[in-house]
Amino acid sequence: MSRFDIPANIVEQTRLAHSIFLLTVNAPAIMDSANPGQFCMLEVQDDNSRDPLLRRPLSIYKTGSNGKISFLYKEVGKGTRLLSKRRPGEIIRVLGPLGQGFRLIHDCPSILVGGGLGVASLLLLAQRIKQPHRLIVLIGAKNASEIPTIEDFSRLTRYLHIITEDGSLGQRGVITELLNQTLQKITDMAQIYTCGPWSMMKAVYHMARKRNIPCQVSLEAAMACGTGLCLGCAVPKSNSQGFLHVCQEGPVFDADQVHWG
Amino acid sequence: MINQKKTIPVCPDLSINIGTLRLKNPVLLASGTCGYGMELDGLLDLDKLGGIIIKGLSIRPRSGNPPPRLAETPCGLLNSIGLENIGIEVFIRDKLPCLRNIQTSLIVNILGNSVEEYFEMAKRLDREEGIEAIEVNISCPNVKAGGIAFGTDPEAAASVTHAVKKATGLPVIIKLTPNVTDITEVARKVASAGADAISLINTLLGMAIDIKFRRPALANVFGGLSGPAIKPIALRMVWQVVRAVDIPVIGIGGIITPDDALEFLMAGARAVQIGTATLIRPSTAEDLPAGIRDYMRANNIKNVENLRLPA
């Protein structure tokens with residue numbers, strides 16, 4: 001487990017949609033050991049500011065050549081707003097790669113199910129799937145502007161299906177409809193990997209369970225440390241025996257482990 | 001001829017004593033913010049610190065409070081972890097063997113639901129090699145039984161201190177809660193009950209409300225506030241307790257920089273603990289001994305205790 005807490009140079013900060021940004025930093029050490037589904041903790045401001053106090057956890061979206069890693073994130077509050085103001089050339093402290101990422105299961109169709117910004121933890125996974133002809137990517141969102149990085153996925157597979165609630169991109173409807181259509185066509189064993197809003201992942205998990213398809217979920221939680229020190233990012237276990245910790249045992253879990261409520 | 005004064009450069013000595021415990025420097029990691037030590041592997045050089053205080057252990061494992069357990073506030077962090085821990089036996093079996101290899105003092109924090117539990121745990125730890133002191137948590141604001149119930153009642157605090165002292169020959173540090181009217185009253189009681197040192201402050205009871213969902217931000221409603229927001233309060237209480245008791249005081253509360261640590265040492269703390277800052281940047285504590293040394297050298301101060309301000 002190699003983790004690094006390094007001052008990284010910002011090389012790109014692009015607003016892709018109204019509140020969605022792509023941040024790229026130069027962090028070769030982190031890039032080298034990053035696995036799909038892992039995340040980093042980013043100091044949103046420079047050293048002497050104490051407000052906001054905490055770093056922000058962001059999924060590693062992309063790893064580029066020559067040591068670059070990218071984060072796809074949404075401005076949701078003070079921390080991410082300040083983060084979005086950071087400019088190329090500035091230094092940002094990045095701790096990572098953290099957590100347990102996706103376990104890659106080969107030799108069966110891989111179905112990636114992303115809801116909205118949940119796609120942020122799925123791209124690296126899609127790139128690492130060894131059999132692109134058996135890679136199916138399903139992406140759902142409220143509207144097209146929530147998912148501005150579709151081309152990153154369309155490059156990787158012919159089986160990319162998109163659905164939006166307002167029909168502004170792809171089919172009109174919700175992602176469970178897409179998954180249902182896909183699962184009806186699948187006859188052999190498959191593996192589902194999903195990241196998105198809790199209610200969506202819960203629905204995906206229930207559909208997977210009905211068909212006995214293993215499902216890995218990438219969870220999100222408020223975090224202070226990202227390294228298992230504070231135990232703040234607790235999620236109830238399915239057997240009601242205590243809690244899972246998103247930062248250390250996750251963020252990716254077998255969906256069976258989680259108490260979905 | 002002008003008589004020139006010879007300046008002999010001081011070589012500051014950072015080592016300190018807490019009871020019979022000698023620490024190589026006055027910087028410790030605070031319980032609850034450094035896990036069981038190994039979580040920091042590769043992110044912080046423990047050997048550079050005076051000591052590490054392990055997350056509070058109970059006699060049996062505890063699963064802690066339901067989420068949400070965290071809420072960020074201006075310059076602060078509210079938590080209601082609820083003392084989740086693996087229990088004293090699993091700690092001794094799985095964690096302690098690795099911790100024996102670190103070149104820093106290992107202090108174990110304990111918490112109980114009764115005086116008997118505190119006694120049993122202290123006795124259990126006393127048998128184990130590698131543990132250099134025990135910190136007794138009578139101050140957690142996040143659990144209903146135990147914890148703070150002992151810390152807010154001076155008599156109960158004294159009973160716990162008595163019991164733990166009877167159970168072990170290791171130095172005993174009592175960790176106090178700030179959630180009382182007069183912290184010096186509890187401090188005096190635990191000092192006269194035989195405590196070797198006092199550490200303070202634990203978190204301040206607070207809350208936040210999520211106005212979007214119209215509910216308290218923490219599932220437990222209240223939580224403990226930590227971080228730079230509480231530093232002035234912590235400093236004031238350390239100043240008061242230092243002047244109320246004759247045993248060493250360890251200062252805790254919002255310390256991030258060497259300057260912060262120096263303030264506590266000037267208030268009279270013998271040592272300091274770094275808590276929330278480690279969560280934000282794991283290596284924070286590592287830089288503090290050097291920063292303190294630089295200040296002492298520049299100001300011709302030879303011992304940590306000489307930093308203390310008069311009155």
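**Figure 1. Contact between the two domains of chain A.** In this predicted model, 21 residues of domain 1 of chain A are in contact with 18 residues of domain 2 of chain A; contact requires that the C-beta atoms of two residues, placed from the backbone, lie within 7 Å. On the side of domain 1 of chain A that touches domain 2 of chain A, β1 (4–17), β3, β4, β5, β6 (68–74) and β7 (91–98) of chain A each give two or more residues. The largest share, three residues, is that of β6(A). This side of domain 1 of chain A divides into 14 nonpolar, four polar and three charged residues, where Ala, Val, Leu, Ile, Met, Phe, Trp, Tyr, Cys and Pro are nonpolar, Asp, Glu, Lys and Arg charged, and the others, Gly among them, polar. Domain 1 covers 4–98 and domain 2 covers 110–257 of chain A, with bounds from an automatic or database domain assignment. Their centres, taken over C-alpha atoms, are separated by 22 Å.

The model is predicted: local features need pLDDT of at least 70, side-chain atom pairs count only at pLDDT 80 or more, and totals for chains, interfaces and linings use all residues. Residues are numbered from 1 along each chain as its sequence is written, while chains are lettered from A and ligands numbered from 1 in the order in which they are written.

**Figure 2. Open sheet of chain A.** Seven strands of chain A, paired antiparallel, form an open sheet in the order β4-β3-β7-β1-β2-β6-β5. Strands β4 (56–59) and β5 (62–63) of chain A are at the edges, each pairing on one side only. Strands are DSSP runs (E, at least two residues), as are helices (H or I, at least four), numbered from the N terminus; two strands pair if DSSP finds at least two bridges between them. Antiparallel β3 (residues 39–42) and β4 of chain A are joined by four bridges, and A:Phe39 has A:Ser59 in β4(A) as its bridge partner.

**Figure 3. Helix α2 of chain B and its surroundings.** The 12 residues of α2 (115–126) of chain B reach 17 Å from first C-alpha to last, close to the expected 16 Å, which is 1.5 Å times one less than the number of residues. B:Tyr118, B:Phe119, B:Met121, B:Ala122 and B:Leu125 of this helix are buried. Buried means 20 or more other C-beta atoms within 10 Å of the residue's own, exposed 12 or fewer, and partly exposed in between, with C-beta atoms placed from the backbone. The cover over the buried residues of α2(B) includes β4 (51–57), α1 (88–99), β7 (105–110), β8 (133–137) and α4 (154–167) of chain B.

**Figure 4. Loop residue A:Gln241.** A:Gln241 lies in the loop between β14 and β15 (243–245) of chain A. A:Gln241 counts as exposed because it has 9 C-beta neighbours inside 10 Å.
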